[in-house]
Every structure is written in structure tokens, then in C-alpha cells.
Amino acid sequence: MSRVLLEVCCGSADDVIEAHKAGADRAELNSDLFHGGLTPTLGELIVAKRETGMKIMAMVRPREGGFCYTDAEFATAVEDAKLLLAHGADGLVFGFLHEDGTLDVERTKVLAELTWGAGKESVFHRAIDVVPDWRSALDQLIALGITRVLTSGQEPDVSLGTDTVRDMITYAAGHIEILPGAGITARNMDRIIAETGCNQIHLAAHRELTDPSVRNNRAIFYGGCLYPPEDRFKVIDSSYIGGMVSRLTE
């Protein structure tokens with residue numbers, strides 16, 4: 001297997017640190033992975049960069065639930081983008097759509113120009129997976145100078161979308177990078193790489209840790225109606241990812 005770059009989807013500074021220990025090439029830093037990843041705090045970015053020095057792509061997503069934002073949400077995204085770039089992000093991850101699911105070129109251009117000006121990379125995330133015509137969207141993103149697209153091939157799991165990812169890579173013809181992600185595991189990684197012909201992959205693999213500080217009152221929950229256990233949290237499983245890294249470098 002030729003060298004394939006590994007990007008790890010991270011939800012905290014600790015996640016980035018664990019990904020770095022595992023030998024990952026790049027991290028995508030978010031908050032709130034439960035909702036698909038939202039904008040991380042500056043503190044998370046600063047600590048992650050300071051402790052690892054690795055390449056970190058920072059998510060710019062002001063809320064969960066779609067990619068057509070209000071004016072205030074978009075203004076927030078722009079300010080967050082400026083701050084993330086100023087505090088060490090190596091690039092930004094974002095996606096802006098119209099209500100009909102087509103690419104919002106004007107808003108995408110604003111973030112693209114911010115990254116150009118900072119000499120950093122830009123990534124259009126999985127919003128590409130709900131556009132009505134991915135070829136048209138790729139043409140627009142190429143024209144805007146976007147570095148990379150993160151995609152599951154317009155399927156819930158990239159293992160189901162390998163044909164489309166391969167077609168995207170062929171269609172892009174080197175003008176924009178195609179990064180497959182969503183559902184990649186140690187078990188299916190080799191097949192996905194072989195079927196898509198990709199040279200980089202995006203994945204997350206967490207293990208559960210415990211925080212006993214809340215056990216004095218088991219009736220208290222701080223989250224929403226799902227009521228997850230309050231004495232547990234997740235962090236990137238560096239051993240699992242490390243095993244995948246070793247296979248990617250063979």
C-alpha cells in the first residue's frame with residue numbers, strides 16, 4: 001500500500017494529543033462531535049497546537065442542523081474564522097448552502113479569501129453530501145480555490161459511497177483534493193482506499209473514559225433528553241488509530 005495520509009476527527013485538545021501520539025498526519029478540531037462537529041474554542045486550539053505542533057484544521061460551524069445560516073450566524077462564523085487563523089489554525093473547515101441545498105458561493109468565497117490571505121488551507125466539509133449536483137458544486141469550489149472536500153460520497157457511510165468518491169477524484173483531476181470520511185474503521189479501511197483510489201482518509205475512533213465527580217447524585221443530568229451517563233466521556237483511542245497508521249506506512 002502506498003502512503004496514505006490520515007486525518008483524525010477530534011473533539012478536544014486531548015483528542016488532538018492522542019491523535020498525535022498515534023502518529024496521525026493531521027487533525028480536524030471541533031467541539032460537539034455528537035452534532036457532527038461545531039466550532040472549537042480558542043483554548044482548545046491553542047493547547048492542541050502548543051502540545052503537539054501538528055497540522056490542525058479548525059471547524060467553523062456556528063450551530064448544528066444544516067448549513068443555511070442567519071446573517072448573525074454567518075457573521076459569527078466569519079469572526080470565529082479570523083480568530084482561529086490568528087491563533088494557529090493551519091486551515092478552516094466549513095460549508096455554506098442555500099435553502100435548496102445548492103452551494104452558497106458568496107459566503108464560501110468569504111471564508112476562502114480569509115484562508116488565502118493567511119496562507120492557510122480551506123476545506124469544504126460534508127455539506128457537499130447533500131447538494132443536488134456534486135459535479136457543479138466541485139466546479140464552483142475549484143473556481144474558488146478551495147483546497148479540499150470532505151465527503152462520504154453522498155451516502156450515510158463512506159463504505160457505501162466509494163463509487164461516487166472515486167468518480168469525484170477522477171472528476172477533480174487534481175484541481176481539488178478529495179478526502180473520504182464517515183464510517184472508516186480498521187476493518188474497512190483497506191477496501192475503501194482500494195475502491196476509491198484516495199491518497200488520504202478522515203476518521204474518528206474513541207474510547208470511553210470515566211469522570212467520577214458526578215456520582216454523588218445519579219439523578220442529575222446536564223444534557224438534553226437523551227440523558228447520557230454523566231460519569232463518562234470519550235477521547236480518541238490512540239492505540240486503535242496507531243494500528244491503522246502502522247498499516248498505512250507499510
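Visitor: What is the handedness of the crossing of α5 and α6?
Guide: The crossing of α5 and α6 is right-handed; that term applies when the near helix is turned clockwise from the far one by less than a right angle, and left-handed when anticlockwise. This is a predicted model, in which local features need pLDDT of at least 70, side-chain atom pairs count only at pLDDT 80 or more, and totals for chains, interfaces and linings use all residues. Residues are numbered from 1 along each chain as its sequence is written, and side-chain values use heavy atoms, with hydrogens and water left out.

Visitor: Which residues make that contact?
Guide: From α5 they are W134, R135, L138 and D139, and from α6 they are T164, D167, M168 and Y171; contact means heavy atoms within 4.5 Å.

Visitor: And what is the angle between α5 and α6?
Guide: Helix α5 (residues 134–143) packs against helix α6 (residues 162–172) at about 40°, and their axes are 11 Å apart. Axes are lines fitted to C-alpha atoms, for helices over the stretch in contact, and angles run from 0 to 180 degrees between N-to-C directions. Helices (H or I, at least four residues) and strands (E, at least two) are DSSP runs, numbered from the N terminus.

Visitor: Turning to α1, how many of its residues are buried?
Guide: In helix α1 (residues 13–22), 7 of the 10 residues are buried, so the helix is largely enclosed by the rest of the structure. Buried means under 20% relative accessible area, exposed over 50%, and partly exposed in between (1.4 Å probe, protein chains only).

Visitor: Which ones are they?
Guide: The buried residues of α1 are A13, D15, V16, I17, E18, A19 and A22.

Visitor: What is found just after α1?
Guide: There, G23 takes a positive phi of about 95°.

Visitor: Where does G91 lie?
Guide: G91 belongs to strand β4 (residues 91–94), and it is buried, with a relative accessible area of 0%.

Visitor: Which residues does G91 touch?
Guide: Not counting residues up to four places away in sequence, G91 touches I56, M57, A58, K120 and E121. The C-alpha atoms of G91 and T147 are separated by 9.4 Å, with the two residues 56 apart along the chain.

Visitor: Is T115 buried or exposed?
Guide: T115 is buried, its relative accessible area being 0%. This residue is located in helix α4 (residues 105–118).

Visitor: What does T115 touch?
Guide: Leaving aside residues up to four places away in sequence, T115 touches L85, L92, K120, E121 and S122.
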